Amino acid sequence: MARSAGLTPADPPAEDASLLLVAAPDLARQIARWHGWLAHEKRASTHTLAAYGSDLGQFCFFLARHLGQAPSLADLGRLARGDFRAWLAARAVDELELRTVGRHLHVV
């Protein structure tokens with residue numbers, strides 16, 4: 001997958017991540033369906049929904065910078081191992097606890 005020059009894989013500050021959902025319309029619709037399923041079928045707590053939403057927002061923001069465009073469902077289908085490694089490397093720079101990184105992996 002081609003990467004745009006000049007874009008760096010950086011994430012927004014955690015407090016802003018829940019406000020950002022950088023995603024193509026098809027992916028945004030699927031994320032909204034997933035969020036609804038978590039809330040209504042799985043009865044996830046508001047804290048869980050907020051944490052997962054923040055994690056997913058940060059991942060989508062990373063992908064937008066990494067891919068050079070808002071990610072779509074097709075883009076997700078084309079992600080390779082190296083893309084996930086780049087995301088994990090970006091998370092490691094933030095010096096997150098392993099437990100937090102594990103939750104991030106669970107969401108994506």
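## Helix packing and aromatic pairs

Helix H3 (residues 46-67) packs against helix H5 (residues 81-93) at an angle of about 115°, and their axes are 11 Å apart. The model is predicted. The crossing of H3 past H5 is right-handed. On the H3 side, the residues in contact are Gln 58, Phe 59, Phe 62 and His 66; on the H5 side they are Asp 83, Phe 84, Ala 86, Trp 87, Ala 90 and Arg 91. Sorted by class, this contact has six nonpolar, two polar and two charged residues.

The structure holds three aromatic pairs. In one of them, Trp 34 and Tyr 52 have ring centres 6.1 Å apart and planes at 10°; planes under 30 degrees apart count as stacked, so this pair is stacked. Trp 34 lies in helix H2 (residues 25-40) and Tyr 52 in helix H3, so the pair ties together parts that are 18 residues apart in sequence.

Phe 59 and Trp 87 also form an aromatic pair, which is edge-to-face, with 5.1 Å from centre to centre and 80° between the planes. This pair links distant parts of the chain, with Phe 59 in helix H3 and Trp 87 in helix H5, 28 residues apart. Together with Phe 84, Phe 59 and Trp 87 form one aromatic cluster.

The table gives the accessibility of residues in these two pairs.

| Residue | Relative accessible area | Class |
|---|---|---|
| Trp 34 | 25% | Trp 34 is partly exposed |
| Tyr 52 | 16% | Tyr 52 is buried |
| Phe 59 | 5% | Phe 59 is buried |
| Trp 87 | 1% | Trp 87 is buried |

Note on methods:
Residues numbered from 1 in each chain as written. Predicted model: local features only at pLDDT ≥ 70, side-chain atom pairs only at ≥ 80, totals over all residues. Heavy atoms only, no water. Axes fitted to C-alpha atoms, helices over the stretch in contact; angles between N-to-C directions. Helix = DSSP H or I, 4+ residues; strand = E, 2+ residues; numbered from the N terminus. Left-handed = near helix turned anticlockwise from the far one by under 90°. Contact = heavy atoms within 4.5 Å. Nonpolar A, V, L, I, M, F, W, Y, C, P; charged D, E, K, R; others polar. Phe/Tyr/Trp six-rings, centres within 6.5 Å; stacked < 30°, edge-to-face > 60°. Buried < 20%, exposed > 50% of the residue type's maximum accessible area, 1.4 Å probe, protein only.
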